[in-house]
Amino acid sequence: MKKILPLLAFSTLVSMPAAADKLVVYTYDSFASEWGPGPKIKKAFEQECACELEFVALDDGVSILNRLRLEGKNSKADVLLGLDNNLMAEAAKTGLLTEHKVDTADIRLPGGWSDNTFVPFDFGYFSFVYNKDTLLNPPKSLKELVEKQDDIKVIYQDPRTSTPGQGLMLWMKWVYADQADQAWKQLAKKTVTVTKGWSEAYNMFLKGEADMVLSYTTSPAYHIIAEQNNQYISADFSEGHYTQVEVAAKVKSSTNEKLADQFMDFIISDQFQSAIPTGNWMYPVTDVPLPKGFKQLTVPSKSFSFTAEQVETNRKTWIREWQSSLIY
Amino acid sequence: MTSKLQSLPGLIIAGFILLFVSGAFSALLLHSPGFDLAVLWSDPYYRHVTAFSFYQSFLSTLLSVGLAIPVAHALSRRSFFGKELLLKLFAATLVLPVLVGVFGLLAIYGNSGLISQLLGFFDYKLPFSIYGLNGILLAHVFFNLPFAARLLLQPLQSLPVENHKLSVHLGISHWNKFKLVEWPCLRQQLPHVCGLVFMLCFTSFATVMALGGGPKSTTIELAIYQAIKFDFDLQSGALLALWQMILCGTLAVIIQRFSRPVPLTSTTTSSEPVPFCDSKSARCWDLLWISAAAALVIPPLLMVIINGLNAQFLAVVTDIFFWSAVKNSLLVAVSAAFIALIGGVLILITSRSWRLIGLQFRADKIELLGAIILVTPGLVISTGIFLLLRNITDLFSLALLIVIAVNALMALPYVIKTLAQPMLHIAQQYDKLCSSLGMSGFSRFYLIEWRAIRVPIVHAFSISFVLSMGDLSAIALFGSQDSTTLPLYLFQLLGSYQMDSAAVVSLFLLMLSVALFALIEKIMVKNNVVK
């Protein structure tokens with residue numbers, strides 16, 4: 001123990017509370033990056049609060065939760081931005097989050113919203129995106145992608161670190177139930193690589209390393225609006241698409257409660273929400289007008305999701321099922 | 001009296017090491033209730049991970065050492081322009097920051113590497129992928145073949161010239177000479193070399209993390225990391241860490257038993273060409289192996305330099321984040337090297353004083369304790385420390401301190417190995433003189449040791465420095481935005497396919513470690529010669 005004492009002394013020195021007017025938000029890298037909505041939102045919020053907003057960028061959504069769990073009560077985070085509907089029960093169970101004070105009456109989500117801990121900030125549907133000039137005969141269903149068309153190469157994300165990756169895992173489970181392990185094995189033959197986060201996967205896809213990438217039905221909007229490019233299409237699958245609602249939550253150990261509350265309110269403000277469609281390329285959760293390019297997108301005719309409790313109960317088993325199917 | 005006084009420093013250091021390691025170890029035990037290894041074994045995924053760890057180490061060893069034999073053989077009987085430099089490069093691959101090597105390999109064999117571009121020119125596609133087992137094997141051969149070749153070259157060079165002359169007189173064929181003269185002397189070294197390479201591959205972390213990592217190609221070392229970082233499964237992480245410790249310990253004991261490194265008389269390591277009946281085919285054969293080895297080692301290093309000077313250069317070197325990584329890396333490397341050096345010297349002061357009064361066994365044990373990290377890989381120790389301190393404090397702000405401690409521990413065996421013999425010899429020569437002059441403590445160290453064996457001391461320091469500079473395994477668990485080191489930064493860039501920025505960072509890391517290493521050695525050795 002002797003050895004720990006000087007370390008402890010040192011740690012109290014380093015971990016002195018930072019200046020009270022800085023809000024630390026853990027998020028994923030594509031949100032915080034210069035081409036994401038982060039910079040715009042940072043600027044708008046800093047003007048409103050006369051404080052500093054710091055984004056800490058992690059690999060992807062699940063990494064945010066993992067990081068918080070590793071840091072435990074000593075976390076520097078005030079707010080987590082980028083968990084999703086599937087992770088809510090597991091995140092709440094850590095006891096590291098606290099209830100928000102946001103009035104969520106204005107939120108317009110397909111299934112409505114009532115949760116005391118999590119505030120939604122955008123939503124969308126997972127989907128495989130392809131280039132229509134190079135992939136002439138895209139699969140029409142998840143089953144077709146998995147079982148037929150052996151010449152297709154796909155990239156998806158690791159369910160242990162990424163919320164889209166986890167989304168695919170749940171999507172597969174929804175469609176295949178008990179046969180998911182067989183389906184994973186079939187998909188493995190078409191998989192170029194499994195990346196830690198969404199941005200690596202999407203970058204590799206754009207560089208031509210795969211025919212299809214796991215993303216969102218709204219991703220083509222980026223190419224339509226920012227690049228005037230109509231090549232990229234989201235494949236419409238007949239089984240329906242898995243829904244994701246991305247959420248934010250306050251960290252209990254935060255010493256900045258007031259600022260954190262202010263930020264949580266800011267999330268459903270028009271300023272924040274209007275930065276979402278052309279920043280995070282997702283649907284906003286309030287009534288802000290959508291840009292024109294979004295009208296071109298296909299909205300899935302059928303969508304579904306497990307409850308957060310179902311995911312929480314089974315997540316570990318399902319991840320292990322995915323892992324074990326890939327080792328052969 | 002003096003010997004008692006001299007026992008103290010080593011015992012204090014040994015106490016610290018024991019405290020540190022047992023702290024980590026007990027945290028691991030506490031987190032794996034019941035220490036139920038059956039859990040690991042009944043889980044098909046962990047069974048696969050264990051099997052894969054052995055499988056890839058076995059193949060890596062087979063390829064590295066197997067191919068190193070003809071290379072060492074060819075090098076032993078040829079002298080050519082640039083041989084000295086080639087051998088220096090061979091020595092560099094072992095201390096080279098792993099990710100720099102990996103980057104060089106990616107730049108050649110990767111999906112958009114040199115070979116793929118050349119093939120693309122002729123409308124062919126790269127027939128293999130560097131990710132997965134292929135890449136892991138390639139990288140392990142890249143790092144270990146030159147190392148093995150150097151180790152095998154020593155016994156070949158120490159063969160008496162008479163043996164060569166006799167073979168010429170008898171006119172025996174190359175194959176028979178190899179079988180009758182060279183092989184027996186190689187065979188004595190082989191178990192030792194194979195054991196070393198196997199251990200290095202078995203505990204390899206950064207390579208597997210950068211090139212493998214999918215469920216199919218994951219080693220135990222990486223599974224520990226993933227259990228903690230990806231799954232927040234501290235229990236499995238701790239259990240896997242203990243499992244890795246048991247396996248490494250067992251391996252170390254087996255290797256120790258079956259391979260006593262034969263002490264080499266380094267008298268005839270002259271570069272004089274050995275006499276043998278040369279022939280055209282023999283020349284071609286040797287040329288083939290030497291150029292193949294050169295083609296393995298040189299191009300990746302060249303690519304690091306060439307690719308490093310790209311359009312992103314300015315963007316990277318004007319980034320504050322980059323400089324904070326440089327600062328952290330230097331801080332870690334310098335501190336860890338100093339601590340390792342001081343710790344190593346203190347242990348050796350004690351162990352040699354014991355040796356001089358005949359306590360060989362005790363001296364062996366304390367030196368072995370200094371090398372404990374070989375049985376408990378850096379990642380295992382830092383996992384233990386991580387679990388130990390997690391609930392007490394904010395780990396991520398202590399990151400650099402822990403990394404320094406773990407890296408110092410990792411460098412300690414190299415310090416002890418480098419300095420054990422020289423320190424003992426000095427004591428044998430000067431101990432009586434010193435005590436009659438009443439010289440002790442620091443003044444003695446400065447006047448006697450520093451003057452006489454400065455070269456190995458500086459060498460021990462620079463090895464520790466370079467190792468800590470390039471290490472990823474200790475920082476991997478603790479790294480955060482505030483405490484990124486260059487290897488971690490490079491890993492993040494590689495992971496997000498920012499190849500141009502990664503190239504710049506690789507170049508810097510190469511320069512900071514290898515160039516600094518060469519510089520320190522040069523200055524210190526030169527000074528020494530002048531005196």
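Author: Helices and strands here are DSSP runs, a helix having at least four residues and a strand at least two, and both are numbered from the N terminus. On that count chain A of this predicted model has 13 helices and 11 strands. The C-alpha trace of chain A spans about 60 × 50 × 35 Å along its principal axes. A compact globule of 328 residues would have a radius of gyration near 20 Å, and chain A agrees with this because its own value is 20 Å. Of the 328 residues in chain A, 51% are buried. Where contacts in chain A join residues at least 6 apart in sequence, 79% of them link residues at least 24 apart.

Now to the meeting of the chains. On one side are 29 residues of chain A, in contact with 28 residues of chain B. Several elements of chain A each supply at least two residues to the side that touches chain B: α1 (4–14), α4 (61–71), β7 (191–195), α9 (198–206) and α13 (308–325). The largest share of that side, 5 residues, comes from α1(A). Sorted by class, the side of chain A that touches chain B holds 10 nonpolar, 11 polar and 8 charged residues.

After α9(A) comes A:Gly208, which has a positive phi, near 90°.

Just after α21(B), B:Tyr497 has a positive phi of about 55°. Further along is B:Met499, placed in helix α22 (residues 499–530) of chain B. B:Met499 counts as partly exposed because it has 19 C-beta neighbours inside 10 Å, and a buried residue needs 20 or more. From B:Met499 to B:Arg390 is 109 residues in sequence and 34 Å in space, C-alpha to C-alpha.

Most residues other than glycine have a negative phi. A:Ala177 is a residue other than glycine with a positive phi, near 45°. It lies in the loop between α7 and α8 (180–188) of chain A. A:Ala177 is exposed, because 9 other C-beta atoms lie within 10 Å. In chain B, B:Asp123 also has a positive phi, near 65°, and is not a glycine. Its place is the loop between α6 (114–121) and α7 (133–157) of chain B. With 6 other C-beta atoms within 10 Å, B:Asp123 is exposed.

Setting aside neighbours within four places in sequence, B:Ala149 is in contact with B:Ala68, B:Val71, B:Ala72, B:Leu75, B:Phe90 and B:Ala293.

Last, a pair of helices within chain B. Two packed helices are described by the angle between their axes and the distance between the axes. For helix α12 (residues 234–258) and helix α17 (residues 378–389) of chain B, the axes come within 10 Å and cross at roughly 145°. The crossing of α12(B) and α17(B) is left-handed. From α12(B), the residues B:Leu234, B:Gly237, B:Ala238, B:Ala241, B:Gln244 and B:Met245 meet B:Val380, B:Thr383, B:Gly384 and B:Leu387 of α17(B). The residues of this contact are 6 nonpolar and 4 polar, with no charged ones.

Key: Residues numbered from 1 in each chain as written. Chains lettered and ligands numbered in written order. Predicted model: local features only at pLDDT ≥ 70, side-chain atom pairs only at ≥ 80, totals over all residues. Axes fitted to C-alpha atoms, helices over the stretch in contact; angles between N-to-C directions. Left-handed = near helix turned anticlockwise from the far one by under 90°. Contact = placed C-beta atoms within 7 Å. Nonpolar A, V, L, I, M, F, W, Y, C, P; charged D, E, K, R; others polar. Rg over C-alpha atoms; globule rule 2.2 N^0.38 Å. Buried ≥ 20, exposed ≤ 12 C-beta atoms within 10 Å, placed from the backbone.
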